[in-house]
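Here is my notebook from an afternoon of looking things up. Have the viewer open and follow along with me.

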Amino acid sequence: MRKLLVYLKDYKKECVLAPLFKMLEASFELIVPLVCASIIDVGIANSDQPYIYKMCLVLIGLALVGLASSITAQFFAAKAAVGFATQLRHALFAHIQRFSFTEIDTLGTSTMITRMTSDVNQAQTGVNMVLRLFLRSPFVVFGAMLMAFTIDVRSALIFVVAILLLFMVVFSITLVNIPMIRKVQQKLDQVLNLTRENLLGVRVIRAFCKEEDEVRRFVARNEALTKQQKKSGSISALMNPVTYVIINIAILRLIWTGTLQVEAGILTQGQVIALYNYMSQILVELIKLANLIITLNKALASGNRIADVFEMSSSMTYPEELSQKSVDILSKENGTDTVTFRHVSLNYHNAEEEALTDIDFSAKKGEIIGIIGGTGSGKSSLVNMIPRYYDATGGEVLLHGIPVRDYPEKELTRRIGMVLQKAVLFKGTIASNLQLGRRDATEAEMWDAIRVAQAEDIVKGKGGLRAKIDQGGKNLSGGQRQRMTIARALIKKPEILILDDSASALDMATDARLRAAIRELPDKPTVFIVSQRTSAIKDADQIIVLDDGRMVGRGTHDSLLTDCEVYREIYDSQYRSNTPKEAQHE
Amino acid sequence: MNKKMNTDIHKNTDHKKQSQKITEKNTSNSKLHTFREVLHYVRKYLGWMIVSILLAGIIVALTLYMPILIGTAIDCIVYGSIDFPKIESLLLRGIGVIIATSIAQWIMNVINNKVTYHVVRDIRDEAFHKIEVLPLHYIDGHSSGEIVSRVIADAEQFADGLLMGFTQFFTGVITILGTLLFMVYYSRVITLVVVCITPLSLFVANFIARKTFSMFKLQSETRGEQTALVDEMIGNEKVVKAYGHEKDALDQFDEINERLQNCSLQAIFFSSLTNPATRFVNSMVYAGVAVTGAVSVIMGHMSVGMMSCFLNYASQYTKPFNEISGVVTELQNALACAARIFEFIQEEPQTPEAADAVVLEHAEGAVHCDDISFSYVPDRKLIEHFNLNVKPGQNIAIVGPTGCGKTTIINLLMRFYDVDQGTISVDGTDIRHLTRQSLRKNYGMVLQDTWLRQGTIRDNITMARPDATESEIIQAAKAAHSHSFIKRLPRGYDTIIGEEGGMLSQGQKQLLCITRVMLALPPMLILDEATSSIDTRTEMKIQSAFAKLMQGRTSFIVAHRLSTIQNADVILVMRDGNIIEQGSHEELLARDGFYARMYHS
């Protein structure tokens, strides 16, 4: 949390002024009992009505000044807290954008979103409350005690004892309760989980006739929740009675001591009343302080979660620019392999087994490489290593003979057009989505890319390049989205085009036309096609067959059919007796 | 107070929105109705509630008595003529009052907690029970998030409101009434001053809440806009990275962020004025009491001790006024939440079992559909006059493009939905005359939409047969080709999988669902795209296991890969909800219709 405080640095002035004005307000409040005491000791004792009216005006004046300083304080506190949250959100968003795929995988989207939204809001409330109350409440408590000392030392000692006791009680109740509240939350989460599970799995639960078992489970968990709530509730239920007892016993004691002091001629009646009023003020502030601790505790937890995200730095660093040597190699590159995998293996963060083992191949300019294999065989992992979304844990991936690690991030993005498995479009227009590929793309270039991606009819059907796209591209079907994402990659005119199972929702004929069009591209990119379907890759110049992360075959369709058992099995499972047997539909 | 008030304002705005919605939809009549419902649940704890209200009365009386005791004691402290024995007895009485008050307070708090949490528990139990008996069309027609939010969030809000209502509303009202009574008794003039000034704080608080409402609305809208952007960009961070879109995204973010900063500042600042403003009003009351009190003392209408007692009332008892305005909105919100839960609880349950429903023991597997018609919505016809005759042990395949209603047939067979017309019978009995449980127990079902629960792999596999032995489990897992990957999990069959299957891939989840059925060995089978997420090679291996399983068992198979269903006895070809062709693979090819076209494409 402490690290997050740097985002307050532009609001130093506000951070000082807000508590200062709060303390000012509190000081005025502390004067009130003294004024009352003099009303009694001077005004009433002398039957001096004008004096009483004067003192009343003083009270109103004090209230007005208090109001003014309090409003000032609220303003500075709000300004600092909101500014803090704004800067924090900006920094967090920018930080998350620097993450590599590894961190994105570990953190998960929903975590990142809650950090950015509700956690930042909690932190904002925390800062606001601290600025407003954290100095004020103790100031009032100790101020009241100090004022008591100025009136009478013997009576003030009662304040010392009472305050110490109250602090102990309030804080121990709060501290005991905080973990209990957390437990309640956990139990509530379990109840929530079970409810969700039952709704999502309603068919399975009914199919297996588990309704009664589920109700029993729920009743048990709900009961556990209720027990925990009552337990935590009976602790916090102690707060009021115990503080009440302490304060009031202290007041009685105060009256008794006061009586003795009046008897001795040390105190006046009005002063005893003033002491009594100070004692009452303390209680209110202490309870506020206890509430503040709970808020603060939540804010701290949120702050720590945010700090955790900041602590996580991108595991990948990119060079600023290509080294001179690399530039030389690139300038005279001729006929070298575009993409080379040299005994590459990949082990995901925290994974037990390698996702890829000893992958070794190279691809030339203009070649089409097909990659095939079962679910979880490592196809996506392999192509994700070309734009360096993940770093090889063994071996090396080379682009034009230069390791991908030596390329600046921009260079890689420019050279490689990646179409991810999940076809995602952003809210905006068709044009704005295509421009993601290249900002300065002309309309003619856009139409070219759209035609190659077999998406002309979609764009025309939607009403041209200016047509609106909803968030996530929800107003397009899966197949339409896939074609749009392909167009988006094509518009880059990349050296390397990667289609990661990105034509799965297209029917055979469209898929075939797409592949033919890609083959005809004027820039002759190297194309990687990942697919589960042999039909999608059988014309490729090279086919790489993966099984459990290992390359179990490499060659053309025909050679693999004779050499590679896995490939033959995949092929047979789709083309038994040489007839296509897949029902296609989009 | 600052913090509490501030959150009150937040809630205020929310409540307004909610209560507006409510008033739009319902009249105050229905609010009354909801209130009556709440009473229905509270009735069980009526005894406790009466005790609680009595205690609240006692507490208020005692707390109001305390300042009087002290005031009287102060009156005895007059220099030179101090009445020590009286003070002593007053203070001793004070100790008794304090102890009695605190014990009563604690008991009341505990009772209130108990009543609140128990009422909410009862409501939740009932709501959950409802989930299990609701007709499928309700659950299919509502997002799970919406129902969860009723059972969890609304119930929680309701509990908060109820608890606050109990603890603060009653004591607040009783305190105000009690204070008034005491004050009127001792001094009418001061009472008049207090009564005139105190409600001001209520007006001020309301005024600010109304003014800030639109600011909070703007804030929450802007926040929503920002969350949407964060969701889109961070949710698709991989695309953002692949296209180097980071800077543009940040610019877009900053633009919204800046707007959010401005409107947040306004909303937070203006709402935080409530507190200083009401405190100011309270100070006015205090000053008013001080001056009228002091003058009364001089005129001899009142003692100094009583005046201090009044000052005490003034500073302590303007509080309930501020609180009650918060409590009222809180209670309104609680009622709105309660209305949503009750609406859910009162949903029509599925048609109850027929009185003469019989238990289907071990089905032979003869399934007859006799002239059945069905549609989800009345004006969109789906299945009409459909006939099917399945002999025991036959395999029926259902094919057709996505969304053509294949799954509907399964919904009807399992009696997740009831037919509108005609009958479906198993072994000659109309399934509406069988108990749902026994009918469903005779089917083994694997759906495309895999569902696993939080728990161990073993719990998930043995769902249908909790008594299965270890070797049976392993045997089933081997048949479903899941054994090899389960073995490699950190703790094998005892590995705990997270919510919705957590770390498992879609294909692995499907394998587990298949294992579940392989273990259950029911007389009839339903496979709805059971292998859609499994790669073709593994699928082929599982097919042989399925083939063995299906032998002698009536089976219904929905598939989109035609290769998997060629051996079926009957293939139903569906399109737009209708069965357009029906026959064996060869017959259908010979007919050269839709099926043949699909097959050859």
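Predicted model: local features only at pLDDT ≥ 70, side-chain atom pairs only at ≥ 80, totals over all residues.

I began at B:Leu521, which counts as partly exposed because 14 C-beta neighbours fall inside 10 Å; my scale calls a residue buried at 20 or more other C-beta atoms within 10 Å of its own, exposed at 12 or fewer, and partly exposed in between, with C-beta atoms placed from the backbone. B:Leu521 is not a glycine, yet its phi is positive, near 45 degrees. I found B:Leu521 in the loop between helix H19 (506–520) and strand S9 (524–528) of chain B.

Residues are numbered from 1 along each chain as its sequence is written, while chains are lettered from A and ligands numbered from 1 in the order in which they are written.

B:Arg415 is another non-glycine residue with a positive phi, about 60 degrees. I located B:Arg415 in the loop between helix H14 (406–413) and strand S4 (421–426) of chain B. Is B:Arg415 buried or exposed? B:Arg415 is buried, because 20 other C-beta atoms lie within 10 Å.

**Chain totals**

I counted 22 helices and 12 strands in chain B. With 601 residues, chain B has a radius of gyration of 35 Å, well over the 25 Å of the globule rule, so it is more spread out than a compact globule. That radius is taken over C-alpha atoms, and the rule is 2.2 Å times the number of residues to the power 0.38. The C-alpha atoms of chain B fill a box of roughly 120 × 65 × 55 Å along the principal axes. I get 47% of the chain B residues as buried.

For chain A I have 20 helices and 12 strands. The box for the C-alpha atoms of chain A is roughly 115 × 65 × 50 Å, taken along the principal axes. Buried residues make up 48% of chain A.

I also looked at contacts, meaning C-beta atoms, placed from the backbone, within 7 Å of each other. In chain A, 79% of the contacts with a separation of 6 or more link residues 24 or more positions apart.

**Where the chains meet**

How many residues of chain A are in contact with chain B? I find 123 residues of chain A in contact with 122 residues of chain B. Helix H8 (residues 211–263) of chain A gives the largest share of the chain A side, 28 residues. By class, that side has 62 nonpolar, 41 polar and 20 charged residues. Ala, Val, Leu, Ile, Met, Phe, Trp, Tyr, Cys and Pro count as nonpolar, Asp, Glu, Lys and Arg as charged, and the others, Gly among them, as polar.

**Strands, to finish**

In chain B, 4 strands form an open antiparallel sheet in the order S2-S1-S4-S5, where pairing takes at least two DSSP bridges between two strands. Strand S2 (383–390) and strand S5 (429–430) stand at the edges with a single partner strand each, so one side of each lacks a neighbour in the sheet. Strand S1 (residues 367–374) of chain B is joined to S2(B) by 5 bridges, and B:Cys369 has B:Leu388 as its bridge partner in S2(B).

In chain A, 5 bridges join the antiparallel strands S1 (residues 339–346) and S4 (residues 394–399), with A:Phe341 partnered by A:Val397. The hairpin of S4(A) and S5(A) has 2 residues between the strands, and A:His400 takes a positive phi near 50 degrees there.

Terms used. Contact = placed C-beta atoms within 7 Å.
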